[in-house]
Amino acid sequence: MTDTLQNATEIDTARPSADQLEKFYRDMLLIRRFEEKAGQLYGMGLIGGFCHLYIGQEAVVVGMQACIKDGDQVITSYRDHGHMLAVGLDPAGVMAELTGRSGGLSRGKGGSMHMFSKEKNFFGGHGIVGASSSIGTGLAFANKYRENDHVCLCYFGDGAANQGQVYESFNMASLWDLPVVYVIENNQYAMGTSVKRSSSETHLYRRGSGFRIPGEEVDGMDVVAVKEAGEKAVAHCRSGEGPIILEMKTYRYRGHSMSDPAKYRTKEEVQDFREHHDPIDNAKARLLKEGTLSESDLKQIDKEVKAIVAEAVDFAKESPEPDPGELYTDVYVS
Amino acid sequence: MAHLVLMPALSPTMEEGTLAKWYVSEGDTIESGDVIAEIETDKATMEVEAVDEGKLGRILVAEGTEGVKVNETIAVILEDGENPDDAEKALNGTSVNEQPQKESKDAQTPQPQQEAPHKEPPTQASAAEADLEGLDTKETTVREALRDAMAEEMRRDENVFLMGEEVAEYQGAYKVSQGLLDEFGSRRVVDTPITEHGFTGLGVGAAFAGLRPIVEFMTFNFAMQAIDHIINSAAKTLYMSGGQMGCPIVFRGPNAAAARVAAQHSQDFASWYAHVPGLKVVAPYSGADAKGLLKSAIRDPNPVVVLEHELLYGNKFEVPTGDDYLVPIGKAKVVRPGTDVTLIAYSRSVLFALEAAETLANEGIDAEIVDLRSLRPMDTETLINSVKKTNRAVTIEEGWGPCGIGAEISATLMTDAFDYLDAPVVRVHQEDVPLPYAANLEALSLPNAEKIVQAAKRVSYRETK
């Protein structure tokens with residue numbers, strides 16, 4: 001399919017151009033509409049198990065993806081649909097995996113939390129909190145071993161930031177100058193536990209200081225700020241200076257998963273983020289203000305994005321369940 | 001009163017070593033704590049410090065002597081006023097004050113090396129080696145066989161590298177990686193911090209990226225810190241990715257009981273890993289299998305757990321010297337043909353089974369021994385064929401009985417060889433307790449030849465103790 005997100009490799013300046021900003025808007029909107037639809041399908045019983053939506057955090061992956069080039073790696077944890085779309089995976093394949101169908105990216109065997117793409121250098125999708133940190137460090141190790149100039153974007157959340165293996169990874173990455181950007185998506189709640197209630201140092205970008213890893217706090221609701229910080233961080237890694245931490249201050253509008261009523265925070269808090277900090281509204285306002293696009297241009301983009309998502313949903317509903325013979329395939333490489 | 005200086009042991013299981021160097025000469029005055037000599041085994045070197053003060057009266061073992069037995073007298077220290085005659089008296093057993101010398105490690109701190117206590121001849125020639133006919137072989141320790149396997153595969157494939165604690169500069173905690181740093185450099189022989197969870201995840205990531213890591217655990221006990229990545233990340237990702245993302249990685253290191261290191265450092269994890277689809281698990285006994293299986297594991301596109309045994313590292317076997325000697329994963333081996341009872345073992349338990357078979361032969365029971373070699377996939381065909389012949393089976397493992405390898409084999413035989421069994425399968429395994437430290441309790445807890453003999457008699461309806 002052609003209606004995947006465009007590859008952003010040609011973007012080379014820290015400040016996004018008008019075209020880039022338009023692309024960011026389109027990409028973020030695709031994630032937003034996709035996730036809204038996934039939530040709807042979950043409610044209809046078409047998606048099972050756990051389903052962690054990325055709504056509210058779109059600026060993080062879209063901004064960061066614009067900073068890397070072909071061959072760079074991306075890895076994240078279980079709130080991963082946005083990352084898959086951002087690296088350019090087919091929305092229909094992602095949605096069909098959510099519905100557990102044979103047309104899914106993992107042929108129905110992985111589900112929401114476990115999708116991968118060798119072609120796009122997307123290494124999952126990991127359901128164990130913190131696992132992406134050390135695996136991502138290993139991807140960076142492979143870059144160093146091969147003496148290439150590739151960089152790994154290693155995402156995990158504020159909850160994972162309290163896992164021991166994150167610090168084991170920081171230590172090795174710094175010791176060996178591995179090219180890895182640790183992107184901590186701080187959406188302020190690890191399931192229902194706020195950062196304040198779980199972290200002795202709530203400024204997560206400082207968590208690398210004991211390992212001599214520089215860190216920076218970034219407004220993760222502003223795609224331009226993310227892109228600017230990301231460019232610098234990726235350049236730092238690519239030049240052989242070792243790992244770096246970006247703490248993305250962001251917010252998820254929905255619960256931790258679909259089964260979370262989100263009683264641990266106020267409606268007013270959520271409403272404040274939606275109304276005053278929404279990354280898509282921000283990008284939209286900027287596009288209009290700068291005169292890049294008109295209201296009707298934006299409506300046209302909305303329409304195109306909706307069509308892509310509708311097509312993905314149709315595919316995800318129509319794709320057959322995996323053949324029973326698939327039960328025993330893919331356990332071993334033969 | 002003269003003092004005898006005895007050959008010290010570097011570890012509780014060392015039996016002999018080389019007296020590499022004397023730092024003192026006869027007639028020298030010695031203070032307590034002086035380094036007087038250096039001794040070595042094939043994996044470690046140690047300085048010998050004097051415990052007693054006096055004058056060195058006699059040196060009894062010359063520098064460079066190999067095969068010096070532990071506790072053999074190597075020198076005599078005379079006290080003030082004593083003369084060389086007193087040394088002779090001391091040696092003849094009068095006025096002797098025997099005191100083993102204090103040991104001081106030459107290197108940093110960890111000291112897990114232990115020599116295998118083998119009462120049997122150093123080379124275990126048996127049917128185990130029958131299939132080596134026609135191949136060029138060399139008498140080799142298991143330790144060297146494993147090292148050779150890694151070195152050969154690292155020469156063959158640039159993507160293969162070794163990582164783990166003390167694998168490089170220390171030359172391996174058990175000296176399995178001896179010499180690899182020199183040949184391959186620090187890029188491919190990587191000393192990690194003590195950080196099992198982290199470096200195992202890192203290894204998995206490197207494997208996802210297409211490298212072929214060999215992750216050494218100093219012992220598998222410490223791999224429990226990392227078992228999440230072995231199972232959740234390495235074993236399951238191929239399936240969860242719909243076949244896209246394999247994990248070509250080897251997890252290896254010593255498994256099961258060592259000698260006198262107590263419960264936390266003595267556990268057989270065979271059934272833990274053999275339980276998991278997506279993993280392959282091997283546990284070799286012989287040197288040839290150690291080499292051939294490790295090489296197969298490194299070339300395998302799947303995650304392979306290679307369970308070695310510390311107490312076999314020093315044992316010598318005939319091992320093929322060729323670069324392409326591979327033992328297929330998933331094939332058991334009949335190491336002793338027999339007609340009356342099948343003894344099913346793996347790793348060090350094969351040694352006990354061989355010993356038991358000799359005893360049983362004297363009592364008119366002809367035991368067949370199957371060395372499983374691979375635990376997942378398990379070669380059930382060979383097991384069933386053996387039981388069809390003998391109609392009786394005993395399983396042996398160093399792990400605990402409940403939910404163990406023997407339990408799995410018993411179920412398999414019940415399902416697939418029920419009509420051929422003349423007696424219920426009996427399992428020999430570690431007693432159902434954490435492994436004790438005290439020598440007598442430790443021995444009681446572990447499988448041994450006598451327990452196997454009794455089990456074999458039981459399934460043969462012979463009188464047992």
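1. Let's start with how two domains of chain B meet. In this predicted model, 25 residues of domain 2 of chain B are in contact with 28 residues of domain 3 of chain B. On the domain 2 side, the elements that give two or more residues are α7 (270–274), β16 (280–282) and α8 (287–299) of chain B. Sort that side of domain 2 by class and you get 18 nonpolar, three polar and four charged residues. The C-alpha centres of domain 2 and domain 3 of chain B lie 25 Å apart.

2. Where do those domains sit along the chain? The domain assignment of chain B puts domain 1 at 3–105, domain 2 at 127–320 and domain 3 at 333–459.

3. Now a word on confidence. Chain B averages a pLDDT of 91, and 92% of the residues score at least 70. Keep an eye on residues 100–125 of chain B, though, where the pLDDT is below 50. Beyond near neighbours in sequence, this stretch has 60 contacts in the model. As for the model's scores, ipTM is 0.93 and pTM is 0.89.

4. Next, have a look at a helix pair in chain B. Two packed helices are described by the angle between their axes and the distance between the axes. Here, α10 (residues 380–390) and α11 (residues 405–416) of chain B pack at an angle of about 65°, and their axes are 11 Å apart. The crossing of α10(B) past α11(B) is right-handed. Which residues make the contact? From α10(B) come Thr380(B), Leu383(B), Ile384(B) and Val387(B), while α11(B) supplies Ile409(B), Thr412(B), Leu413(B) and Asp416(B). By class, the residues of this contact are five nonpolar, two polar and one charged.

5. While you're in that part of chain B, check the loop between β22 (374–376) and α10 of chain B, where Pro377(B) lies. Most residues other than glycine have a negative phi, and most peptide bonds are trans. The bond that joins Arg376(B) and Pro377(B) is cis, with omega at about -5°.

6. Over to chain A and its sheet. Strands of a sheet pair through backbone hydrogen bonds, either parallel or antiparallel. In chain A, five strands form an open sheet in the order β1-β2-β3-β7-β6, with parallel pairing.

7. Strands β3 (residues 180–186) and β7 (residues 244–249) of chain A pair in the parallel sense over six bridges.

8. Finally, the meeting of the two chains. How many residues of chain A are in contact with chain B? There are 31 residues of chain A in contact with 34 residues of chain B. On the chain A side, α5 (131–146) and α6 (164–175) of chain A are the elements that give two or more residues. The most comes from α5(A), with 10 residues. By class, this side of chain A has 14 nonpolar, 12 polar and five charged residues.

Notes:
Residues numbered from 1 in each chain as written. Chains lettered and ligands numbered in written order. Predicted model: local features only at pLDDT ≥ 70, side-chain atom pairs only at ≥ 80, totals over all residues. Pairing = 2+ DSSP bridges. Helix = DSSP H or I, 4+ residues; strand = E, 2+ residues; numbered from the N terminus. Contact = placed C-beta atoms within 7 Å. Nonpolar A, V, L, I, M, F, W, Y, C, P; charged D, E, K, R; others polar. Domains from an automatic or database assignment. pLDDT = per-residue confidence, 0-100. Axes fitted to C-alpha atoms, helices over the stretch in contact; angles between N-to-C directions. Left-handed = near helix turned anticlockwise from the far one by under 90°.
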